Amino acid sequence: AYIHAEGLFAARGSMSSALVNAARRALTQRARTAPVRSFNTSAPMRGGDGEPAYIHAEKMYDIGATKGRAAVFGAACAAVVLIGGYIPVYAIQFQQRKAAG
């Protein structure tokens with residue numbers, strides 16, 4: 001059974017075009033059924049009469065009205081300095097324990 005060369009190329013061409021058409025149909029069908037994504041937001045929550053929803057929101061960042069402001073910020077600064085100084089000490093102790101075996 002001898003197949004003519006031109007007939008072989010024609011058969012291959014029709015098979016590849018059939019595959020291309022099937023792939024094209026599959027992609028267009030998938031594009032039609034693909035879900036639409038969008039970014040949805042809502043309006044900020046407000047309390048009654050235009051007040052903020054969070055009851056302490058108005059005073060939350062009012063540093064001037066903080067009671068015992070000097071003590072609070074002094075304690076915060078002391079904590080930062082102590083933690084910042086202890087981290088290298090702990091790192092050195094940890095390395096020495098690991099090196100000791």
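Start at F94: this residue counts as partly exposed because its relative accessibility is 41%. Partly exposed is the range between buried (under 20% relative accessible area) and exposed (over 50%), with a 1.4 Å probe and protein chains only. The model is predicted: local features need pLDDT of at least 70, side-chain atom pairs count only at pLDDT 80 or more, and totals for chains, interfaces and linings use all residues. Residues are numbered from 1 along each chain as its sequence is written, and side-chain values use heavy atoms, with hydrogens and water left out.

**Zoom out to the chain.** Show it as a cartoon. The chain has two helices and zero strands. Both terms refer to DSSP runs, numbered from the N terminus: H or I over at least four residues for helices, E over at least two for strands. How much of the chain is buried? Buried residues make up 0% of the 101 residues.

**Select residues 69–100.** This is helix α2, and Y86 sits in it. Y86 is partly exposed because its relative accessibility is 49%.

Two aromatic pairs are counted. Y86 and Y90 make a tilted one, with 6.3 Å centre to centre and 40 degrees between the planes. The rule takes rings of Phe, Tyr and Trp (its six-membered ring) with centres within 6.5 Å; planes under 30 degrees apart are stacked, over 60 edge-to-face, the rest tilted. Y86 and Y90 lie about one helical turn apart, because they are four residues apart in helix α2.

**Move on to Y90.** At 41% relative accessibility, Y90 is therefore partly exposed. Y90 and F94 form a stacked pair: 6.3 Å centre to centre, 25 degrees between the planes. About one helical turn separates Y90 from F94, because they too are four residues apart in helix α2.

Select V89 together with Y86, Y90 and F94. These four form a nonpolar surface patch, with about 400 Å² of accessible area together. Patch members have over 30% relative accessible area and no salt bridge; like charges are joined within 9 Å, nonpolar side chains (Val, Leu, Ile, Met, Phe, Trp, Tyr) within 5 Å. A salt bridge is a side-chain nitrogen of Lys or Arg within 4 Å of a carboxyl oxygen of Asp or Glu.

Definitions and conventions. Areas by Shrake-Rupley, 256 points an atom, 1.4 Å probe, with all protein chains shown as cover.
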